Amino acid sequence: MEAALEHDTEWLHVVAATLNWGDKSLANNASALKRLFFLGHFERSVLDISERKLLDALKLIPNPNSRAVVFSTLILMRRCAERCVSQLERGRVLLKDVIETHRKVMRAGLELYSKEEMASAIEESAKTDPVRCAILILFEQLGCRVLDLGGWVTTDKTRAEASESNVYVPRAKDVLVIRRCYKTVSTYGVKRDIIRGERGRLLRRCLLVLEGGALIRLKGGSQCPRAQLSARVTEISGVSATKSFKSYVNIMRKAGDIEGIRALAEKRGTDIRTALVHYA
C-alpha cells in the first residue's frame, strides 16, 4: 500500500503542476488521497483501480463535503492520466443531493430549543418513558454531558458511597447524584448534587423504575458500553447533550440571568467564561 500511495503522491504533484495548483490546494488533495488509500486499503494506484472499487471506498467517508473533495481529487488525477472517470462523474453528480440534505440537517441542528420545548419534552416523556425523562431532567438541572449519564441507579446509600462510578440515588423526597466520571473531573473533583422540588420528585419516580441497574441501557436491557453511550443517549432522549446545555445557557442569557448561567456551569463542571464564549 505504501508503494502505491507514494507513486500516486508523485503523480499528484504532476497534476498540481499541470493545473497550476497552489501549495494549499496540493496539500488538501494529498490529504484526501491519503485518507482514501487507508479507507480502501489499496495496494495499487488509483489510476489502475476500477471505478467501482473507488466508489465503494468513497462510501466509507461519512461527511459528504469531505467525500466531494476526494471525488474531485480522483477525477482530476485520472483525467490527467487519460483514465476513465464516467462512473466517478455520475457519483459526484448524485452526491450533490446528499450534500444539500446534509446541509439542511446541519442547519436544523443549529437551531436551539426554547424553554417551552424543553419543558414540554420533560412533561411528555414523564407519561411514557422514564429513562428519557430522567435524561432530560439531568440535562436541565445539572447541564450533564453524555459521560455523566454512564452510571447506575441504587437506593442503597452504602453502595452508592462505595462505588467508583457515577450513581443516581433516589431518596425519600429528592435525588442525590454523585458524578465521579465526567469530562472535567480532574479540575472540579467528584460532584455531589441534590435535585429537589418538583423536578426532584419526578426524577425520583423515574429512577425507581431503574433501581439496581444502569441508567442508560441497550435495547436488550444490558448496560450500554461507553463507546456507544453518546449515540444511545441521543437515540433515547432525542436531544443532544451539547445542544441542550447551549439552549439553557441561551435561554438564561436572553433573560439576563447571569447567575443562572453561573450556577448551571458550576454544576456541569464548566467555567462560566467558557459557557459564555462557546455556548451563549
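Helices α3 and α4 are roughly antiparallel to each other, because their axes meet at an angle of about 160°. Here, roughly antiparallel means over 145 degrees, roughly parallel under 35, roughly perpendicular 65 to 115, and oblique the rest. The model is predicted, so local features need pLDDT of at least 70 and side-chain atom pairs pLDDT 80 or more, while totals for chains, interfaces and linings use all residues. Residues are numbered from 1 along each chain as its sequence is written, and side-chain values use heavy atoms, without hydrogens or water.

Helix α3 spans residues 51-58 and α4 spans residues 64-80. Helices are DSSP runs (H or I, at least four residues), numbered from the N terminus. The axes of α3 and α4 lie 11 Å apart; axes are lines fitted to C-alpha atoms over the stretch in contact, and angles run from 0 to 180 degrees between N-to-C directions. The crossing of α3 past α4 is right-handed (near helix turned clockwise from the far one by less than a right angle; anticlockwise is left-handed). From α3, E51, L54, L55 and L58 meet R67, V70, F71, L74 and R78 of α4 (heavy atoms within 4.5 Å). Six of these contact residues are nonpolar and three are charged, with no polar residue. Ala, Val, Leu, Ile, Met, Phe, Trp, Tyr, Cys and Pro count as nonpolar, Asp, Glu, Lys and Arg as charged, and the others, Gly among them, as polar.

Helix α4 also packs against α1 (residues 2-19), at about 80° and with the axes 10 Å apart. Helix α1 is therefore roughly perpendicular to α4. On the α1 side the contact involves D8, W11, L12, V15 and L19, and on the α4 side T73, L76, M77 and C80. Seven of the residues in this α1–α4 contact are nonpolar, one is polar and one is charged.

Helices α6 (residues 115-128) and α7 (residues 130-142) pack at about 150°, with axes 7 Å apart. This pair is therefore roughly antiparallel. The crossing of α6 and α7 is left-handed. A121, I122, S125, A126 and T128 of α6 touch P130, R132, C133, L136, I137 and E140 of α7. Seven residues of the α6–α7 contact are nonpolar, two polar and two charged.

The largest pocket has a volume of about 230 Å³. A pocket is an open set of 1 Å grid points that fit a 1.4 Å probe, with protein on both sides within 12 Å along at least five of seven lines; lining residues have an atom within 4 Å of a point. Volume is the space filled by probe spheres on the points. The lining includes R52, L55, K59, R67, F71, Q87 and R90. Helices α3, α4 and α5 (86-110) each supply at least two lining residues. Helix α5 gives the most, with six.
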